[in-house]
Amino acid sequence: MIVLADQDVPTRSASGFVLRHVSPRAGLMQLYGSAARNHAFDAMLRFTDYLIAVGHGTPDMIAGQKESVILKVNDYPEWEAKGRFFKLIACQTAKELGPDLIAKGAAAFQGYTEDFLWIADEEQWDDPWTDQLAMKFLTPVIDACNLMLDGETAEGVYNREVAGYDAAMRNETDEFNLSLMSWNRRHFVSLGNPQARIKRRPNIHLPFPPPKFLPFFMP
Amino acid sequence: MDFKEVKKTLERPPTEQAMKEAGEAFKEWAAKQPKQSNPILCRLGYGPYPDAIPLSKIGDVVATNKAFYELMQKVTKGG
């Protein structure tokens with residue numbers, strides 16, 4: 001399933017790219033915006049073998065919308081980890097939450113040991129998937145998410161994201177952007193079984209973008 | 001100002017003076033960036049610094065927030 005927070009510029013930017021390029025493949029198994037909260041998450045996760053989530057993170061937890069904790073070390077039932085492939089687009093969750101999920105039986109975990117950083121254009125807040133600034137930072141992650149839904153192994157998904165950063169860095173001339181890309185690449189990790197994979201999902205691309213986001217008024 | 005010069009200002013320990021000078025360097029660099037958009041440094045985490053900082057304000061945060069100065073030190077050191 002896919003969980004996408006969207007309460008501020010960073011979550012809107014990252015969630016926007018997942019919404020445009022990955023979500024069509026997940027069918028009804030997704031929680032977006034104000035629906036991205038823990039009670040709905042707990043109810044839906046049992047029906048799926050993976051989680052792709054965008055939200056604010058700390059070493060031991062990831063939140064959905066606002067402060068709603070989706071997963072926190074020692075505060076979720078073990079069945080939520082069992083056999084699943086987790087890909088968390090959040091800061092620092094690979095420090096403690098990732099190892100905890102693996103210890104509780106997750107097949108694979110991919111995330112970041114430090115802050116995940118990128119540049120977005122605030123003027124694109126209502127159609128973030130058109131943001132050319134953010135695109136070069138987030139394309140490696142989006143490509144990796146799609147490869148995960150193609151049924152590729154965790155190792156293959158990891159290698160695709162790293163190769164995506166390398167390609168982005170080769171094409172980047174701005175020194176600050178290069179530093180940020182290199183930072184994300186250095187702190188991206190894959191834990192668990194490198195051969196783990198999920199069931200292949202249909203490769204669906206929407207020919208048109210989602211409707212523009214509503215203004216910031218969600219609860 | 002070239003970003004390589006900004007990186008140099010981040011090489012010192014986070015004293016008040018070093019942070020102030022790095023902040024000034026960031027401001028000077030940001031002022032020379034293209035103006036066709038409103039770029040913001042984003043992250044998906046919590047404190048001790050904002051999760052969305054306009055490029056034009058990075059200098060202010062570097063100059064006043066030790067944790068952010070140290071983050072920028074680490075970010076620019078490896079890349």
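Reply: In this predicted model, the second largest cavity is lined by Ala14(A), Phe17(A), Val18(A), Ile89(A), Leu138(A), Val141(A) and Ile142(A). The volume of this second largest cavity is about 30 Å³. Two helices of chain A, H1 and H4 (132-149), each contribute at least two residues to the lining of the second largest cavity. By class, that lining comprises seven nonpolar residues, with no polar and no charged ones.

The count of cavities of 30 Å³ or more is two, and the largest cavity has a volume of about 60 Å³. Lining the largest cavity are Val9(A), Arg12(A) and Ser13(A), together with Ala120(A), Asp121(A), Glu122(A), Gln124(A), Trp125(A), Pro128(A) and Asp131(A). Helix H1 (9-21) and strand E9 (117-121) of chain A each provide at least two residues of the lining of the largest cavity. H1(A) gives the largest share of that lining, namely three residues.

The lining of the largest cavity is divided by class into four nonpolar, two polar and four charged residues. The charged class includes Asp121(A), a residue of the lining of the largest cavity. For the lining of the second largest cavity, the corresponding division is seven nonpolar, no polar and no charged residues.

Note on methods: Residues are numbered from 1 along each chain as its sequence is written. Chains are lettered from A and ligands numbered from 1 in the order in which they are written. This is a predicted model: local features need pLDDT of at least 70, side-chain atom pairs count only at pLDDT 80 or more; totals for chains, interfaces and linings use all residues. Side-chain values use heavy atoms; hydrogens and water are left out. On a 1 Å grid over the protein atoms alone, a cavity is a set of points where a 1.4 Å probe fits but cannot get out, and a pocket is an open set with protein on both sides within 12 Å along at least five of seven lines; lining residues have an atom within 4 Å of a point. Grid points are joined across faces, edges and corners, and a volume is the space filled by probe spheres set on the points. Helices (H or I, at least four residues) and strands (E, at least two) are DSSP runs, numbered from the N terminus.
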